[in-house]
Amino acid sequence: MKKIILSLALFLLFVCSNADAYQIEAAAKTKRIPMGTKIELETAHKIESDKVNTGDMFSSYLTRDVRTQTTMILPRGTVVRGSVLRVKSPSLPSKSGILYLNFDHVVAPNGSQLPISAGIAGSFNLDMDGGIKGGENYGGKVKQNWSKAGSIVKNSTQWGIKSGDDWFKGGKYIVTPFSATGGAIAGAGYFAGVSIIDLFRKGNNVDIEKGTVFELMLLEPLDVPVSE
């Protein structure tokens with residue numbers, strides 16, 4: 001009799017355990033965010049390349065909900081954490097610093113940490129291998145200097161046209177050639193002088209301000225536990 005009662009008790013325990021396991025499994029539903037999806041994030045604090053080290057952690061937040069028509073997958077404010085992968089210091093001539101960030105995981109609404117594979121998709125000046133640059137390198141500086149020199153010539157020419165007509169009728173035909181020539185000389189001097197200085201100047205560090213908004217692209221699908 002005792003053996004029969006014990007057997008019944010073990011059977012009921014087995015049935016109940018299976019029922020609980022089924023309920024837990026049924027409740028563990030997920031929604032997939034496809035590979036290639038872009039999510040918008042906002043930095044939670046300032047990140048400066050000259051003040052961080054490899055392995056330092058950082059946080060950012062979702063700026064918009066990620067959802068289907070019927071289900072919230074990740075609400076606005078969801079934390080996305082990462083770490084500094086590598087830092088490249090500025091150097092000569094005018095080579096900017098580069099900051100490499102690795103995005104580790106998303107903190108899901110249920111508190112679980114979901115590993116992600118993602119890369120920055122926009123809003124920053126990116127190097128070819130995905131690092132964030134602190135500014136233009138020497139070639140970019142030269143282009144900026146040339147553009148500035150062109151503006152000097154343009155502004156000087158426009159000044160001659162306007163001022164000549166203000167002085168006397170037809171005066172622009174006399175004043176403009178002189179102002180344009182002066183602008184060309186000033187522009188050439190500016191271009192040469194600043195470009196030479198840039199040869200002996202280090203580039204900029206990477207400074208990402210708190211509240212900077214940027215896009216992150218998922219390189220692999222992300223399955224998120226949801227409640228329906």
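With which residue does Lys46 form a salt bridge whose closest N and O atoms are 3.4 Å apart? The partner is Glu209. This pair links distant parts of the chain, 163 residues apart. Lys46 sits in the loop between strand E2 (38-43) and strand E3 (47-48). Glu209 sits in the loop between strand E12 (207-208) and strand E13 (213-218). The model is predicted, and every value reported here is computed from it.

Lys46 also forms a salt bridge with Glu48, the closest N and O atoms lying 3.7 Å apart. Glu48 is in turn bridged to Lys51, with a closest N to O distance of 3.5 Å. Together, Lys46, Glu48, Lys51 and Glu209 make up a network of salt bridges. The count for the structure comes to five salt bridges.

Glu48 has a relative accessible area of 18%, so the residue is classed as buried, the cut-off being under 20%. Lys51 is exposed because its relative accessible area is 58%, and the exposed class begins over 50%. Lys46, at 40%, is partly exposed. Glu209, at 43%, is partly exposed as well.

A search of the whole structure returned one cavity of 30 Å³ or more. The volume of the largest cavity is about 40 Å³. Its lining consists of Thr43, Ile47, Phe58, Ser59, Ser60, Leu101, Phe124, Ile208 and Phe214. Strand E4 (residues 57-62) contributes the most to this lining, with three residues. By class, the lining holds six nonpolar and three polar residues, and no charged ones.

The patch covers about 800 Å² and is made by Trp159, Trp167, Phe168, Tyr173, Ile174 and Phe178. Helix H2 (138-167) and helix H3 (172-199) are the elements that give two or more residues to the patch. The largest share, three residues, comes from H3. Trp159 belongs to helix H2. Its relative accessible area is 48%, which means that Trp159 is partly exposed.

Lys172 is located in helix H3. With a relative accessible area of 26%, Lys172 is partly exposed. Lys172 and Lys162 are 10 residues apart in sequence. In space, their C-alpha atoms are 6.9 Å apart.

Note on methods. Residues are numbered from 1 along each chain as its sequence is written. This is a predicted model: local features need pLDDT of at least 70, side-chain atom pairs count only at pLDDT 80 or more; totals for chains, interfaces and linings use all residues. Side-chain values use heavy atoms; hydrogens and water are left out. Patches are made of residues with over 30% relative accessible area and no salt bridge: like charges are joined within 9 Å, nonpolar side chains (Val, Leu, Ile, Met, Phe, Trp, Tyr) within 5 Å. Accessible areas come from the Shrake-Rupley method with a 1.4 Å probe; for residues, only the protein chains shown count as cover. A salt bridge is a side-chain nitrogen of Lys or Arg within 4 Å of a carboxyl oxygen of Asp or Glu. Helices (H or I, at least four residues) and strands (E, at least two) are DSSP runs, numbered from the N terminus. Buried means under 20% relative accessible area, exposed over 50%, partly exposed in between (1.4 Å probe, protein chains only). On a 1 Å grid over the protein atoms alone, a cavity is a set of points where a 1.4 Å probe fits but cannot get out, and a pocket is an open set with protein on both sides within 12 Å along at least five of seven lines; lining residues have an atom within 4 Å of a point. Grid points are joined across faces, edges and corners, and a volume is the space filled by probe spheres set on the points. Ala, Val, Leu, Ile, Met, Phe, Trp, Tyr, Cys and Pro count as nonpolar, Asp, Glu, Lys and Arg as charged, and the others, Gly among them, as polar.
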